[in-house]
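Hi everyone, thanks for coming. Today I'd like to walk you through a structure that may be new to you, so let's have a look at it together.

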Amino acid sequence: MTRCLNCGAERLSDTCDACGLSSSAAEFSLRRSLLNRTALFLVGAIAFIVASGRYPALELDGIVIFIGVVFFLTLGLAIIVERRALRHQEVESLKRIYYGLLPLPWLLAALLYGNGALDRSPAHVEKARVISRFSMTGPVPSRRLIVNSWRAGHRFERIPVDRSDFDRFTTGDIVDIQVKDGLVSIPWVATVSRD
Ligand SMILES: [Zn+2]
């Protein structure tokens, strides 16, 4: 049994009874849809990077690893779906998983943005000593101050900072970190200043 690449209906002849597209027209339609949706997905990934830079979560590294896995999984799926479509093979279930993964960067971006922008909780100041610094350049630069943790069960905190804060502090500095609880309980770092 073959399914129409455009609408997913069972296809008995070259022309789909449900949407009226021939198999090559359906393939073209699917590939165009994949391209458009992948573009939206990439914009969502950029929105996530912007939101996570504006309201950096205390546990940003874990979130970034999660979104990184989702990112490559989704793009990998897009490639598989397109290759299968080229060979006119079954794509329906893979396509649904792919479409299901697409909104994730947008949802996470909105979550991080709302968590910070709508947060009316008072900031609490945590004193910590800078133990080391970590900086990674590239298309998505990340800069962290590694400080001793004030939370039970944590030895270190990796505080996301922008470039000017990163350059301002050196190992051994005592810093005041303003942490806010977040609207949806994702603690985030408002500012870092010298003690
Ligand atoms: Zn169809």
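What percentage of the 195 residues of the protein chain count as buried? The value is 38%. Please keep in mind, as we go on, that this is a predicted model.

Let's turn to the overall form. The C-alpha trace spans about 75 × 30 × 30 Å along its principal axes. The radius of gyration of the protein chain is 23 Å, whereas a compact globule of 195 residues would have one near 16 Å.

Next, the domains. The protein chain is divided into two parts: domain 1 covers 2–117, and domain 2 covers 124–194. Where they touch, domain 1 gives 13 residues to the contact and domain 2 gives 18 residues. Between the C-alpha centres of domain 1 and domain 2 there are 34 Å.

How many helices and strands does the protein chain have? There are 5 helices and 7 strands. If you'd like to follow along from the N terminus, the order is β-β-α-α-α-α-β-β-β-α-β-β.

Now for contacts within the chain. Taking those between residues at least 6 apart in sequence, 58% join residues at least 24 apart.

The accessible surface of the protein chain is about 11000 Å², and carbon and sulfur atoms account for 60% of that.

Key: Residues numbered from 1 in each chain as written. Predicted model: local features only at pLDDT ≥ 70, side-chain atom pairs only at ≥ 80, totals over all residues. Heavy atoms only, no water. Helix = DSSP H or I, 4+ residues; strand = E, 2+ residues; numbered from the N terminus. Rg over C-alpha atoms; globule rule 2.2 N^0.38 Å. Buried < 20%, exposed > 50% of the residue type's maximum accessible area, 1.4 Å probe, protein only. Contact = heavy atoms within 4.5 Å. Areas by Shrake-Rupley, 256 points an atom, 1.4 Å probe, with all protein chains shown as cover. Domains from an automatic or database assignment.
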